[in-house]
Amino acid sequence: MRVALVLSFFLPSLVYAEDKVVIMPVWGPTAPPQDPTFLRATKELAEVIHQAAGREVQVYSRERRAAVCADNGHQCPSEVAAMLDVHQVIELSFDDKLEQLWVQVWGRPRGLLREAKVPCTWEEGRPRCALDQVAAVVSGEVLPALDAAQVEQALDALKPQLDACQTQRSAKKKAQHEVDVTLRFRVTPNGRVREVRVDPRELQTLPAWACVARVVEALRVPPFRGDQPLPFSRVLGRAKVTRPPH
């Protein structure tokens, strides 16, 4: 296991890039004397990540990390996995005191899949982090499966804002038909919402229902285990639409 991992620092990939997990070298505002470039920390963490990821792992150079992850001086952009055309990107960053390691898992095309701050302690002049927790973040085992009830509760909590949207209803027009209004969206593993829409689509441009979509885009649930967004829908009531005569 160790030999295969060390070679991955230097040899080109023998599998398709989209099957690969890329590890960005550890970043920190200050480095300890015993590990001035964080190379030892990066290798130690890479071995754990290699086992937890279940895929080929490649560690990028510090120079390539600096070129790709330049947001705020050191942070990877949310679309980093898509930019590099790989399965996932693991970003590792220390806090100012080297007491916590921020582990972020970026996927494509969704961006941030999961993240956690792992505790670290000082040993032999450098920080040593809880490797089992790092592995749990990478594999997703640290997270529970999505509880559909949490999504329903989050929607219920938005009811006052959704009701307020209805004050923006347009004036009535002729030839209207009453239809069920269905809210559809996807919940990503990082607990955020994407692809919000209201059906039927005739309603999507109306102020009241466009307002509903904006409100639901702010819905949040706890991060959950998995790599794929999950679909949800709810019938919000009935509304009138204008349709051309048949």
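Reader: How many helices and strands does the chain have?

Author: The chain has 8 helices and 9 strands. Helices here are DSSP runs of H or I with at least four residues, strands are runs of E with at least two, and both are numbered from the N terminus. Before we go on: this is a predicted model, where local features need pLDDT of at least 70, side-chain atom pairs count only at pLDDT 80 or more, and totals for chains, interfaces and linings use all residues. Residues are numbered from 1 along each chain as its sequence is written, and side-chain values use heavy atoms, with hydrogens and water left out.

Reader: Why are α2 and α5 called oblique to each other?

Author: Look at the angle: the axes of α2 (residues 39-53) and α5 (residues 131-139) cross at roughly 45° and come within 9 Å. Axes are lines fitted to C-alpha atoms, for helices over the stretch in contact, and angles run from 0 to 180 degrees between N-to-C directions. Under 35 degrees counts as roughly parallel, over 145 as roughly antiparallel, 65 to 115 as roughly perpendicular, and the rest as oblique. So oblique is the word for α2 and α5.

Reader: What makes the contact between α2 and α5, and which classes of residue are in it?

Author: On the α2 side you'll find Glu-44, Leu-45, Val-48, Ile-49, Ala-52 and Ala-53, and on the α5 side Leu-131, Val-134, Ala-135, Val-138 and Ser-139. Contact means heavy atoms within 4.5 Å. By class that's 9 nonpolar, 1 polar and 1 charged residues. Ala, Val, Leu, Ile, Met, Phe, Trp, Tyr, Cys and Pro count as nonpolar, Asp, Glu, Lys and Arg as charged, and the others, Gly among them, as polar.

Reader: What makes β2 and β6 edge strands?

Author: The sheet is open, with 6 strands in the order β2-β1-β3-β4-β5-β6 and mixed pairing. β2 (57-59) and β6 (126-129) each have a single partner strand, so one side of each is left without a neighbour in the sheet. Two strands pair if DSSP finds at least two bridges between them.

Reader: How do you know that β3 and β4 pair?

Author: Count the bridges: β3 (residues 88-94) and β4 (residues 100-107) share 7, in the antiparallel sense. Leu-92, for instance, has Val-103 in β4 as its bridge partner. β4 and β5 are antiparallel too, over 8 bridges, and Gly-107 stands opposite Gly-111 in β5. β5 and β6 are joined by 4 bridges and run antiparallel, with Trp-122 opposite Pro-127 in β6.

Reader: Why is Trp-102 called partly exposed?

Author: Trp-102, found in strand β4, has a relative accessible area of 28%. Buried means under 20%, exposed over 50%, and partly exposed in between (1.4 Å probe, protein chains only). At 28%, Trp-102 therefore counts as partly exposed. Its contacts, leaving out residues up to four places away in sequence, are Gln-75, Glu-91, Leu-92, Ser-93, Glu-115, Ala-116 and Lys-117. Trp-102 and Leu-92 sit 10 residues apart in sequence and 5.7 Å apart in space, C-alpha to C-alpha.

Reader: Leu-98 and Glu-124 got flagged. What is phi near in Leu-98, and what is it near in Glu-124?

Author: Phi is near 60° in Leu-98 and near 55° in Glu-124, both positive values in residues other than glycine. Most residues other than glycine have a negative phi, and most peptide bonds are trans. Leu-98 is in the loop between β3 and β4, and its 3% relative accessibility makes it buried. Glu-124 is in the loop between β5 and β6, and at 65% it counts as exposed.

Reader: And how do you know that the bond from Asp-199 to Pro-200 is cis?

Author: Check omega, which is near 5° for that bond. Pro-200 lies in the loop between β8 (193-199) and α8 (207-217).
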